[in-house]
Amino acid sequence: KLPLLTAAVLSTALTVALSAEYTSKYDNIDIDKILANDRILSQYIKCLMEEGNCTNEGRELKKTLPDALATGCNKCSEKQRANTEKVLRHLSKNRPRDWARLKAKYDPRGEFSKKYEGKALLVASSTTPSS
């Protein structure tokens, strides 16, 4: 539930769980700019972990993430899916500690990870950070 969380964290994280499809209101957010800026990315992660303040986008993400993870992002647009994959790859490769923390919070039993194992979404889903 975490992997998509992060991607959803930024693309789906900007959606409304009550509609047939998530809102496209945040589809034009610059995911590359967020991923390239450690300070901004860290704020999104803190928001999702309930360790810091959330932007409007972060609040939407936090609301939508559980549904997106549970449904395999069925309500996501193609752009939201692509952004989610990009975020997941980035977090698993470049922020393994944050990735592990998000997975522990949003996918504690590994259900999402198992569900999507073998897909490009979880390139490093089994990677755990060393303490």
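**Disulfides and confidence in the predicted model**

Both Cys47 and Cys54 are buried (under 20% relative accessible area, where exposed is over 50% and partly exposed lies in between, with a 1.4 Å probe and protein chains only). The two residues form a disulfide with sulfur atoms 2.0 Å apart, a disulfide being a pair of cysteine sulfur atoms within 2.5 Å. The torsion about the S-S bond of Cys47 and Cys54 is about 100°, so this disulfide is right-handed.

This is a predicted model, in which local features need pLDDT of at least 70 and side-chain atom pairs count only at pLDDT 80 or more, while totals for chains, interfaces and linings use all residues. Residues are numbered from 1 along each chain as its sequence is written, and side-chain values use heavy atoms, leaving out hydrogens and water.

The structure holds two disulfides, and the other links Cys73 with Cys76, at 1.6 Å from S to S. Here the S-S torsion of Cys73 and Cys76 is about -85°, so the bond is left-handed. Cys73 has 1% relative accessibility and therefore counts as buried; Cys76, at 5%, also counts as buried. Counting bonded cysteines along the protein chain gives the pattern 1-2, 3-4.

Turning to confidence, the protein chain has an average pLDDT (the predictor's confidence in each residue, from 0 to 100) of 76, and 70% of the residues score at least 70. Over residues 12–19 pLDDT stays under 50, and the model has 38 contacts beyond four places in sequence for them (heavy atoms within 4.5 Å). Residues 120–131 also have pLDDT below 50, with 23 contacts in the model beyond near neighbours in sequence. Where pLDDT is low, the predicted coordinates should not be read in detail.
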